[in-house]
Amino acid sequence: MDKDVSAGSATTTTLGQLALGLTLLAFGVGNTGVIDNVAASDAAALATWVGGVALFVVGMLEFRAGDGGAGTAFAGLGAFWFTWGMGTGAEVSAEAAGLFMLLFALLALTLTLGASGSGILGQGVYGLLCVSMLLLAIASFAGNDGLAKAGGWAGAVAGLAAWYGATAALAHWPTFTGRAAGRGVTATG
């Protein structure tokens, strides 16, 4: 690694938000059923490699740079996405799937509470992820397709919010905090 490039920075955080956003958007839309012949399971490869591996690596870079909050968020989410992606298509009971989603919701709740100073986008993404996973867990336990679709919509909106936050950081767009994002962030960190 070039000694002039930091291991974790606003750039790696932006990459993490982009990976999270795209993964959540694909997963959420798949759960809504809004596109014919597209299911949440179709997002398994994206969840494994972008949501799983890429987020985990970004999390490790954030830990190395001393940002425990972003490191915990990205590494934890990466581990959950990787597990979900690798397990998609496996024979599991509805209760086991519901328990996994419930545990995922607890992680998202922790991240929501930990992001209290990060503004509406930071906390909103994790809050919507928590709602999405909670609805999907209840839907799995109850066998309720309507709740699963509602969980998918919450996930899709969370994905759009994370995508917007990452794009705003790169394009210097407003982030609803009263200032544009990404000032001072360059492609080289």
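Reader: Why is Asn37 called exposed?

Author: Asn37 has a relative accessible area of 78%; exposed means over 50%, buried under 20% and partly exposed in between, with a 1.4 Å probe and protein chains only. The value of 78% is therefore in the exposed class. Asn37 is in the loop between helix H1 (10-32) and helix H2 (44-64), where helices are DSSP runs of H or I with at least four residues, numbered from the N terminus. Asn37 also has a positive phi of about 65°, although it is not a glycine.

Author: This is a predicted model, in which local features need pLDDT of at least 70 and side-chain atom pairs count only at pLDDT 80 or more, while totals for chains, interfaces and linings use all residues. Residues are numbered from 1 along each chain as its sequence is written, and side-chain values use heavy atoms, without hydrogens and water.

Reader: What makes the pair of Phe27 and Trp81 edge-to-face?

Author: Ring centres of Phe, Tyr and Trp (its six-membered ring) must lie within 6.5 Å to pair; planes under 30 degrees apart are stacked, over 60 edge-to-face and the rest tilted. Phe27 and Trp81 have centres 5.1 Å apart and planes at 75°, so the pair is edge-to-face. Phe27 lies in helix H1 and Trp81 in helix H3 (residues 68-87), so the pair ties together parts 54 residues apart in sequence.

Reader: How do you know whether Phe27 is buried or exposed?

Author: Phe27 has 2% relative accessibility, so it counts as buried. Trp81, at 0%, is buried too.

Notes:
Helices (H or I, at least four residues) and strands (E, at least two) are DSSP runs, numbered from the N terminus.
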